[in-house]
Amino acid sequence: MEVFIIRLLQFLLSLSLLVVLHEGGHFFFSKLFKVRVEKFYLFFDPWFHLFEWKPKNSETAYGIGWVPFGGYVKIAGMIDESFDTEQMQQPVQPWEFRAKPAWQRLLIMLGGVLVNFLLAMLIYMLVLFSWGDDYIRTTDMTLGMKANNEAKALGFQDHDILVGTDQGDFEAYNVDVFRQLTTAKEVRVLRNGKPVTIPIKEELNLLDMLKQTPQFLAPFTPALVDSVMPASPAAKAGLQAGDKILAVAGKPVDSYNEFTNEVGRLKDILTTAQTHKDSLRVRTTTLQFLRAATNDTLTKTVILTPEMQLGFYTKPYAALYKITHRSYSFLESIPAGIAYGWQQLSGYVSDLKYLFTADGAKSLGGFGAIGSLFPPTWDWHAFWLMTAWLSIILAFMNILPIPILDGGHVLFLLYEIITKRKPSENFLIRAQNVGLILLILLMVVANLNDVLRWIGVM
């Protein structure tokens, strides 16, 4: 419960910050061009609000709605998500949005997206300046990778150390490595200390590589026990720190990667169990390990937990290798932060093509999925990186040419600028309705995916 609350608070803080600044971008340009803003709200307020305050002599009411999703500024003389058609039937006033030149209206609509892009770059600059950058070079991962059958069919082998592709050398081990593999014609690796080139004769799919079980390429993690949970099946079997797992359920394993794969296979079998006796039969298995202290090979019968856990920890791959740290001066952090932000944006945009596939649709996540990306403990470094990434996503999603989003308004304004003709108010209202339906459908699908993942259906 504590982890849930910490993640929830981080999510709400990040979302609130991004929404307020996004709407602040619209507000800034509206005020710049003397357009009246009637409301500035964090979250939506259908039927009622939690809080509202209107300063004396101000034309803007500031408030907090009760639906914790997004926010808005109600700009006078504009067809937006408020669907205030009554105002649009009145004579045009000089302080209204519709009374302003198209280029001013365009800047007002781009204000939120612009702020989110600039905010992301600023956060990345300050993160690099404050914390620097810590990462593991692929060439420092001396145990190399664990390849699944699909990767081995292409020519990869266990313990291959990734060096680069025909497009350049790999740097940090992260998702960009897999993105680069999707467009590579050949991959360079170190195998037993010698350089080897692997030709890639087919197009690789990023989602497939990341979602395959076992994964296409994963850091090779030794099956060495680092610590044991008290009163766990591992503790009852006498497992100790330093012991090496040799086999589970009679299946030899050469790594922690293979150990988790075998346990995963047993977990799949457990889903077919219809009685407690069937479940107990699947959970009862054998464990063979090498005792570090005596070099003896021991075999024990263990009963895994109902969640199919043995109850021991290995060292994560990040603890096995040298961490490369790079510090940045304030001036150095400016171009580095911009480059880092651009890299994140480019990667996100390139991944969108997978959204229109069956697996891509299943990978959509709602509030639960986004909240789970925040760390289980309060970590400002991770919080700001996550906030910057969400700011980029918010900016890009808002600029998509979908009615009701900023991009939809921008599309219609560009049409007006080019053709010198303004879309009719009836058309704009119908477009807003269509956009609202599309947005609601997207939210339903994304949050339904969260529910299905939570109950184990997906």
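In this predicted model, four strands form an open sheet in the order β12-β11-β13-β14, and their pairing is antiparallel. The edges of this sheet are taken by β12 (251-252) and β14 (297-303), each of which pairs on one side only. Within the sheet, strand β11 (residues 244-248) and strand β13 (residues 284-290) run antiparallel and are joined by four bridges.

Leaving aside residues up to four places away in sequence, Leu246 touches Lys251, Pro252, Val253, Gln288, Phe289, Leu290 and Thr297. Its C-alpha atom is separated by 7.8 Å from that of Ala223, a residue 23 places away along the chain.

A further open sheet of four strands has the order β6-β5-β7-β8, with antiparallel pairing. Here β6 and β8 (194-199) stand at the edges with a single partner strand each, so one side of each has no neighbour in the sheet. Strands β5 and β6 run antiparallel and are joined by two bridges. In one of these pairings, Gly168 in β6 is the bridge partner of Thr165.

Helix α5 (residues 175-182) leads from this sheet to other parts of the structure. Seven of its eight residues are buried, so α5 is largely enclosed by the rest of the structure. The buried residues are Asp176, Val177, Phe178, Arg179, Gln180, Leu181 and Thr182. What do the buried residues of α5 pack against? Their partners are the strands β5 (161-165), β6 (168-169), β7 (186-191) and β9 (217-219), together with the helices α6 (206-211) and α10.

Helix α10 also takes part in a helix-helix packing. Two packed helices are described by the angle between their axes and the distance between the axes. For helix α3 (residues 102-131) and helix α10 (residues 330-351), the axes come within 7 Å and cross at roughly 130°. The crossing of α3 past α10 is right-handed. On the α3 side, the contact is made by Phe117, Met121, Tyr124, Met125, Leu128 and Phe129. On the α10 side, the contributing residues are Phe330, Ser333, Ile334, Ala336, Gly337, Ile338, Tyr340, Gly341, Trp342, Gln344 and Leu345. By class, the contact of α3 with α10 comprises 13 nonpolar and four polar residues, and no charged ones.

Helix α3 packs with helix α1 (residues 2-32) as well, at an angle of about 140° and with the axes 7 Å apart. This angle makes α1 oblique to α3, because the roughly antiparallel class begins only over 145 degrees. The crossing of α1 and α3 is right-handed. From α1, the contact involves Leu18, Leu21, His22, Gly25, His26, Phe29 and Ser30. From α3, the contact involves Leu107, Ile108, Met109, Gly111, Gly112, Val113, Leu114, Val115, Asn116 and Leu119. The contact of α1 with α3 divides into 10 nonpolar and seven polar residues, with no charged residue.

Some backbone details complete the account. The peptide bond from Thr213 to Pro214 is cis, with omega near -5°, and Pro214 lies in the loop between α6 and β9. Which phi does Phe43 have? Phe43 has a positive phi of about 70°, although it is not a glycine. Phe43 is found in strand β1 (residues 37-53), and at 11% relative accessibility this residue counts as buried. His159, also not a glycine, has a positive phi of about 80°. His159 is located in the loop between α4 (149-154) and β5, and its relative accessibility of 38% places His159 in the partly exposed class.

Definitions and conventions: Residues numbered from 1 in each chain as written. Predicted model: local features only at pLDDT ≥ 70, side-chain atom pairs only at ≥ 80, totals over all residues. Heavy atoms only, no water. Pairing = 2+ DSSP bridges. Axes fitted to C-alpha atoms, helices over the stretch in contact; angles between N-to-C directions. Left-handed = near helix turned anticlockwise from the far one by under 90°. Contact = heavy atoms within 4.5 Å. Nonpolar A, V, L, I, M, F, W, Y, C, P; charged D, E, K, R; others polar. Parallel < 35°, antiparallel > 145°, perpendicular 65-115°, else oblique. Buried < 20%, exposed > 50% of the residue type's maximum accessible area, 1.4 Å probe, protein only.
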